[in-house]
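Please view the structure alongside the text.

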Amino acid sequence: MAVQHNDDLTTGSMLTHYLNLAIPAALGMLFSTLYNVVDVYFAGQLSTEAQAGLAIGFQAFFIMMAVGFGLGSALSALVSNAKGEKNTKATRSLAAQGLSFGVIATAVLMVAGWFGGPYLIALVSEPGGYRDAALGYFRLLILALPGFLLAYGGNGILQAHGDTRSMQRALMVAFFANIVLNPLMMYGIPGIWSGLGFNGIAVATVISQTGVMAFIVSRIFKLNMMERVRREEFVPDLACYRAIVGQMLPASTALIVMFVSGFVVQFALKNFGEHAIAAYGVALRIEQILLLPVLGMTGALLPIAGQNFGARQYDRVREAVFFCWKLGFAISAIAMPILWFGGSYAMRPFTSDPDVIAVGASYLLVDGFLFPIYMMLFSINSLLQALKRPIYTLWISIYRQGFGVAFFIWVFIALLGFDVWGVWLGIATAVSTGWVMALIVAARVSQAAIGGLRPVRA
């Protein structure tokens, strides 16, 4: 039986739409992040070496996952635009084509990752135990790629229909499953099976994320628009694929640039020891937890702005953007003091190594100043996606994370002689200057697409 998730975001209270979309999305991302925190925790039960291997192996895997996130953003933008235009046939066609595209992309990426992943891992690590751990973890994790890519790609279809609760529920179940599966796969069953050790974390991920994918795909087929879907609609259509790629490629490439930036940071940190790499991996998880409300809110902006842009209700697009920023600054006012004064306390549940705690706390201190800037960057990315101008998100990312991070880290460490603080200050400088660039781009693109961000006076 079909379910009704066809929320019309072109009418009604903006606050209501944000609450309905952002809260479930943020809760879903909370459990996704806690899922990763569980992995970090159990890796920490083994050694700092295992935590470093987890950080590097997952970073390599995330480069492939970028296609899934980009596909989700593309389908959210395209399907929400079609829905705003009240074009049911185009909405259904885009959903079907998006799913078939995801299957093909997954197969290609699994092969590419198997052969290319070890080179990425070798680039940012030194020979030894933590490199070996990262490689074994990564190769098993490739089997989870269908679960991640099709789930996040499919979630874009659900988001465009006002449904962020399905992903929330799936990620909640996956989190609790991971709590059970991690120790089971790592340590086995006494007297029966000795377990897989560190690699058990990857196997647990494969099992739980495959379940997430199955649930999300089932929810898509229960949407009203899919009642009349035909098998032929899943056959690759080059015109539709081009539209998907045109929207997805800049978003995915921007994410890949972001993850490559993570490798640049790890490359710089390896000169300060494995404790610095482990600290960065733990601190990133803490940062992600605090960013969850912002990510949920800025993620909600995409379907809201997308539907209203498709319906040519440009005043509501502007209203959605400014409402997002108001909420974002309120959230930042709460998160910033936590990062400034609570960083070392937040690190302690994950490690007892004082060097890891100290380095992680220093990163979180700098991160506190960047928090509202990240909020505005994420919201601008959502706006550009909704306005079908995703290419600009790529150029901003190339500057900020492709060039800026590497260049400014080099300046602070090689020229100015900073220690690990040079890595954090380099990141901060790249983010801040990228934010200025994003504001300029957003103003110019919105002027051409919707008459500017400022309300048009009658």
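## Helices H4 and H7

In this predicted model, H4 crosses H7 in a right-handed sense. H4 spans residues 129–141 and H7 spans residues 200–220; their axes approach to within 8 Å, with a crossing angle of roughly 15°. Angles under 35 degrees count as roughly parallel, so H4 and H7 are roughly parallel to each other.

On the H4 side, the contact is formed by Tyr137, Leu140 and Leu141. H7 contributes Ile201, Ala202, Val203, Thr205 and Val206. By residue class, the contact of H4 with H7 has 7 nonpolar residues, 1 polar and no charged.

## Helices H12 and H13

H12 (residues 391–415) and H13 (residues 420–450) have axes that come within 7 Å and cross at roughly 155°. Angles over 145 degrees count as roughly antiparallel, and H12 and H13 are therefore roughly antiparallel to each other.

The crossing of this pair, H12 and H13, is right-handed. The residues in the contact of H12 with H13 comprise 18 nonpolar, 6 polar and 1 charged.

## Domain interface

Contacts between the domains involve 56 residues of domain 1 and 50 residues of domain 2. About 4500 Å² is buried between domain 1 and domain 2, with carbon and sulfur atoms giving 69% of that area. Within domain 1, the residues losing the most area to domain 2 are Met14, Tyr18 and Gln59, which together account for 16% of what that side buries.

Conventions:
Residues numbered from 1 in each chain as written. Predicted model: local features only at pLDDT ≥ 70, side-chain atom pairs only at ≥ 80, totals over all residues. Heavy atoms only, no water. Axes fitted to C-alpha atoms, helices over the stretch in contact; angles between N-to-C directions. Helix = DSSP H or I, 4+ residues; strand = E, 2+ residues; numbered from the N terminus. Parallel < 35°, antiparallel > 145°, perpendicular 65-115°, else oblique. Left-handed = near helix turned anticlockwise from the far one by under 90°. Nonpolar A, V, L, I, M, F, W, Y, C, P; charged D, E, K, R; others polar. Contact = heavy atoms within 4.5 Å. Buried area = accessible area lost by both parts, 1.4 Å probe.
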